[in-house]
Amino acid sequence: MENILILNGPNLNLIGQRETDIYGKKTMQDLHKLIIEESKKMNIRVEFFQSNHEGEIIDKIQSSINTYDGIVINPGAYTHYSYAIYDAIQSIDKPVVEVHISNVHKREEFRQKSVTAKACIGQITGFGFYSYILGLYSIVNYIRGVK
Ligand code: DQA
C-alpha cells in the first residue's frame, strides 16, 4: 500500500472562508474527507500536512525520503518564487505532483509562473478540490508504472 503525503502551503488552511469566489466555500476538513474517500478506492494510505512556513514545508519534503512514496503538493504562493522548495523537491528521489485549486494561468501574471513545477512530474491546475484527486491518481499510476 503506497503512502502518499498531501502537502498544503500557506493560506490553504483558510479555504472555505478565503476568497470564496476563487477557492469555493468548502473547507480543509471537506478536502480531507474527499481525499480519504478516494484513497480507499485507490488502496493507498494518505497523510496530511499544512504549514504557512517555508522551512516547515521543506522539512516535511525532506522527511519523505524515508516515509512516503510520493507527494501531492499545493505550495500556495510559494509556487511562484520559492527556489528553496524547488531545491527540496529536487533533492528527494520521490515523485511529486503539483496541484492548484484555481487555474493559475487564468489569474494575475505572477501566478502564471511556477518555479516548483519544474521539479515535479506534472502539474494539475484549475479543477477545484478535484485537482487533488487527479493528482493522487496521477502519482499512484506513476508509482505503479501504469502508462
Ligand atoms: C493556489 C494558487 C496560488 O497562486 C495561491 O497563492 C494560493 C492557492 C491554488 O490552489 O489555486 O494560495 O495554489
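**Entry 1: ground rules**

Contact means heavy atoms within 4.5 Å. I also noted that axes are lines fitted to C-alpha atoms, for helices over the stretch in contact, and that angles run from 0 to 180 degrees between N-to-C directions. Helices (H or I, at least four residues) and strands (E, at least two) are DSSP runs, numbered from the N terminus.

I am working with a predicted model, where local features need pLDDT of at least 70, side-chain atom pairs count only at pLDDT 80 or more, and totals for chains, interfaces and linings use all residues. Residues are numbered from 1 along each chain as its sequence is written, and side-chain values use heavy atoms, with hydrogens and water left out.

Five strands form an open sheet, ordered 2-1-3-4-5, with parallel pairing. Strand 2 (45–50) and strand 5 (122–125) are the edge strands, and each pairs on one side only. Two strands pair if DSSP finds at least two bridges between them. On average, neighbouring strands of this sheet are turned by 20° against each other, direction ignored.

Then I went through the bridges. Strand 1 and strand 3 run parallel and are joined by five bridges. L5 has I71 in strand 3 as its bridge partner. Strand 3 and strand 4 (residues 96–100) are joined by three bridges and run parallel. V72 has V97 in strand 4 as its bridge partner. Four bridges link strand 4 to strand 5, again in parallel. V97 has G122 in strand 5 as its bridge partner.

**Entry 2: strand 3**

Is strand 3 buried or exposed? Five of the five residues of strand 3 (residues 70–74) are buried, so the strand is largely enclosed by the rest of the structure. Buried means under 20% relative accessible area, exposed over 50%, and partly exposed in between (1.4 Å probe, protein chains only). In a regular strand the side chains alternate between the two faces of the sheet. I checked both faces of strand 3: G70, V72 and N74 are buried on one side, and I71 and I73 are buried on the other.

**Entry 3: helix 5**

I followed helix 5 next. Helix 5 lies across strand 1, strand 2, strand 3, strand 4 and strand 5, and runs at about 155° to strand 3.

Helix 5 (residues 130–144) also meets helix 2 (residues 28–42): their axes come within 10 Å and cross at roughly 30°. That makes helix 2 roughly parallel to helix 5. The cut-offs are under 35 degrees for roughly parallel, over 145 for roughly antiparallel, 65 to 115 for roughly perpendicular, and oblique for the rest.

From helix 2, L31, L34, I35, E38, K41 and M42 meet Y132, I133, L136, Y137, V140 and R144 of helix 5. By class, this contact of helix 2 with helix 5 has nine nonpolar, no polar and three charged residues. Ala, Val, Leu, Ile, Met, Phe, Trp, Tyr, Cys and Pro count as nonpolar, Asp, Glu, Lys and Arg as charged, and the others, Gly among them, as polar.

**Entry 4: helix 3 and helix 4**

Helix 3 (residues 54–67) and helix 4 (residues 83–91) pack at about 5°, with their axes 9 Å apart. Helix 3 and helix 4 are therefore roughly parallel to each other. E54, I57, I58 and I61 in helix 3 meet A84, I85, A88 and I89 in helix 4. I sorted the residues of this contact into seven nonpolar, no polar and one charged.

**Entry 5: R18**

R18 sits in the loop between strand 1 (3–8) and helix 1 (20–23). R18 counts as buried, at 19% relative accessibility. What does R18 contact, leaving aside its neighbours within four places in sequence? I found P10, N11, L12 and Y23.
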